[in-house]
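Dear colleague,

Please read them with the coordinates open beside you.

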Amino acid sequence: MILADILTGAIRSGTSVMLASQGELVSERAGVINLGTEGSMLGGALGGFAVTVWTGNPWLGALAGGLCGLLIASIHAFLVLSCGANQLATGLTIMFFGMGVTAFFGRGFVSEQIVGFNPVALPLLSDIPFLGPILFNHDPLTYLSILLVPLLWYVIFRTRIGIMLRTAGEREEVLFASGINPKLVRYLAVLAGGFLAGIGGAQLSIAYTHAWVENMTAGRGVVAVALVIFASWKPARAMLGAYLFGAAQALQLTVQQQGYAISPFFLFMVPYLLTLLALLIVERRKSSRTPEALGKVFAGEGSG
Amino acid sequence: MKTQTGTIALSAGRWPSFARWKKRGVQTMIFVAPFVVYGIFLLCYGVNPVDLYVSMVKSAFGDLYGFGEVLLKATPFVLTGLAAALPAKAGLVNVGGEGQLAIGALFATWFAVFYLNAMPALLGIPLMLIAGALGGAVWAGLVAVLKVKGRLNETITSVLLNYVATFTVGFFVHGMLKDPDSFNWPFSPEISSSLRLPIVNGTRLHIGFVVALVLAALVWFVLAKTRLGFRIRVLGSNRLAAERAGFNINKMYFWVLISAGMLAGIAGMIEIAGIEGRLRASTGANFGYLGFLAAMMAWNHPLRLIVTAFLLGMISVAGNTLEIGSGLPSSSVNILMALVLFFILGGRRWSR
């Protein structure tokens, strides 16, 4: 029973990170690392929450959240791609910007309450013993996010668009030669990444907590960036990593409910430490999977 | 960069060339533009930006107390800025100043509360400073080991560890370091008054500022004037050349990160011994990030960093003025800071 709780919680609290990491994956496949994902998520969380408060419609809220995330990511795209700014430094500034802007505009929403998205049990499927309640009793955004993963895999690895995306991250000269502007591809990839991160943030505020709290993403955007590296830039593995992060958070809630005498602060740390550990394990046996343009960023040459 | 402008000036005779003026103009515009954009933002909220900027300058330079407040705010930014600037010279991106400061503050408080309470100031304060540096070094050591042994990118590990550091401090102020007389509030006992840093009369400014200045000068000296500094700069500007020259790169990375952690840890100690007197979970929140931004604004130059830290200190103090004067939350100056940085990041290409 506890295990089922933790697994359900893994999906429920991992979805926001998962969406953000899928977005970051798209952006990194095109060769742009965006630490501003944290800012996009915060923007999405607040924008989504605000629109849900105003309209009462969580679908509009999710859309608005995505657009806020996109807007914030567009700053990153402009500074990095058009102005040649350092990717890591710009991403951090955007993270800081997101914290400042949402703290400012969010203060009126701190005590607001919404209905938002609530878990919908899928008929028949949710009656499957054990697995049913774990997999098929979630909010609509979570179902969509699960469908997104195979879709992204297909787009990235089986379509022309995917080839263009990956080429932008590996060998932009080839794109040039075939008459496509790599900068444009990268712009679109970063914006798409911001959109997904924004929806991830909105999922957090509209479907998970049903509230806006200042700086509520608490590093989930950074974790999403780390997970993409852990996942070797593969959508399914990023999903797995995100649910692992979610499981660590669910564990913390479960342990508290069961009344074990473990300090909650240790449990708070677990997801972050787990992310570090996952990175270490992957690094041990990593081949040259890193998109070439990203490798340059990590080597300190990242600009443009 | 300097030699380049020199040659341009030479080729145009004794008069500064047009190119040089253009560069100055662009640099000035990059500095002014964020204040204009933020001013428009303020106007939308019914605040007169000119009044705000004037009161900002007045509160900083109007009297001794205000000037002291700005220096007080700038002190941790100088130190956490150095913690970012020094590794940057070696080609590393250390964003862990936040966590290194927190753990430095934790170590400093721990030693102050349990071991140094009865000591005279002349012995206790330096020992507490060492404890702070040690704490920062331990935290940076984690990043360094992950970098050198685990080949993990230091940017991501240092940000992740910032969150872990916050929870670590939370654990201690809720547990082993909680003040028994605090009626269950989560903060440490107050450190003994002999461990508090001496204060300049008429202000709240303490000698921690002098410590920060001395350390900035030291870092500058090492980087600019010593062989070690030269090696660090070579490593940062051309890793391949450093490899070919036979430098022990991993060892350099390790010690540069440790030194950075010590600098940020000292910032944590100064916050405790200089201002707060006790450790809270919120001690030094955001100082690490602001220091990183100050370093970026100064293009990682240790002496220019003092100026940019002062500017950020001024903006921080203005946040309080803004909150009192117009009802806007003090967090809204974070937007101004981010704008300043956006323009610097984006304008770098045109200002060179």
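A:His210 is found in the loop that runs between helix 9 and helix 10 (220–230) of chain A, and, although it is not a glycine, A:His210 has a positive phi of about 55°. With 18 C-beta neighbours inside 10 Å, A:His210 counts as partly exposed. A second residue of this kind is A:Ser232, which has a positive phi of about 50° and is not a glycine either; A:Ser232 lies in the loop between helix 10 and helix 11 (235–258) of chain A, and, because 14 C-beta neighbours fall inside 10 Å, A:Ser232 counts as partly exposed.

Elsewhere in chain A, A:Cys83 lies in the loop between helix 3 (58–82) and helix 4 (87–106), and A:Cys83, with 18 C-beta neighbours inside 10 Å, counts as partly exposed. The C-alpha atoms of A:Cys83 and A:Glu214 are separated by 31 Å, the two residues being 131 residues apart along the chain.

As for chain A as a whole, its secondary structure comes to 13 helices and two strands. The C-alpha atoms of chain A fill a box of roughly 60 × 45 × 40 Å along the principal axes, and the radius of gyration of chain A, 19 Å, agrees with the value near 19 Å that a compact globule of 304 residues would have. Of those 304 residues, 54% count as buried, and among the contacts in chain A between residues at least 6 apart in sequence, 78% join residues at least 24 apart.

By class, the contact of helix 1 with helix 9 of chain A has 13 nonpolar, eleven polar and three charged residues.

Turning to chain B, its secondary structure comes to 14 helices and zero strands. The radius of gyration of chain B is 21 Å, close to the 20 Å that the globule rule gives for 352 residues, so chain B is as compact as a globular protein of that length. Along the principal axes, the C-alpha atoms of chain B fill a box of roughly 70 × 60 × 35 Å. Buried residues make up 49% of the 352 residues in chain B, and 77% of the contacts between residues at least 6 apart in sequence join residues at least 24 apart.

Chain B has a helix pair of its own to look at: the axes of helix 4 (residues 64–89) and helix 11 (residues 249–276) of chain B come within 8 Å and cross at roughly 175°, which makes helix 4 of chain B roughly antiparallel to helix 11 of chain B. On the side of helix 4 of chain B the residues that meet helix 11 include B:Leu79, B:Leu82, B:Ala83 and B:Leu86, while those of helix 11 of chain B include B:Ala260, B:Gly261, B:Leu263, B:Ala264 and B:Ala267. By class, this contact of helix 4 with helix 11 of chain B has 14 nonpolar, four polar and one charged residues.

Where the two chains meet, the contact takes 35 residues from chain B and 37 residues from chain A. Helix 7 (154–174), helix 12 (287–297) and helix 14 (333–347) of chain B each supply at least two residues of the side that touches chain A, and helix 7 of chain B gives the most to that side, with eleven residues. The residues of the side of chain B that touches chain A divide into 20 nonpolar, twelve polar and three charged.

Finally, a word on confidence. The predictor gives the complex an ipTM of 0.84 and a pTM of 0.85. The mean pLDDT of chain B is 85, and 93% of the residues of chain B reach 70 or more; over residues 1–12 of chain B, however, the pLDDT is below 50, and beyond near neighbours in sequence this stretch has nine contacts in the model. Where pLDDT is low, the predicted coordinates should not be read in detail.

With best regards

Terms used. Residues are numbered from 1 along each chain as its sequence is written. Chains are lettered from A and ligands numbered from 1 in the order in which they are written. This is a predicted model: local features need pLDDT of at least 70, side-chain atom pairs count only at pLDDT 80 or more; totals for chains, interfaces and linings use all residues. Ala, Val, Leu, Ile, Met, Phe, Trp, Tyr, Cys and Pro count as nonpolar, Asp, Glu, Lys and Arg as charged, and the others, Gly among them, as polar. Helices (H or I, at least four residues) and strands (E, at least two) are DSSP runs, numbered from the N terminus. The radius of gyration is taken over C-alpha atoms; the globule rule is 2.2 Å times the number of residues to the power 0.38. A residue is buried if 20 or more other C-beta atoms lie within 10 Å of its own, exposed if 12 or fewer, and partly exposed in between; C-beta atoms are placed from the backbone. Two residues are in contact if their C-beta atoms, placed from the backbone, lie within 7 Å. pLDDT is the predictor's confidence in each residue, from 0 to 100. Axes are lines fitted to C-alpha atoms, for helices over the stretch in contact, and angles run from 0 to 180 degrees between N-to-C directions. Angles under 35 degrees count as roughly parallel, over 145 as roughly antiparallel, 65 to 115 as roughly perpendicular and the rest as oblique.
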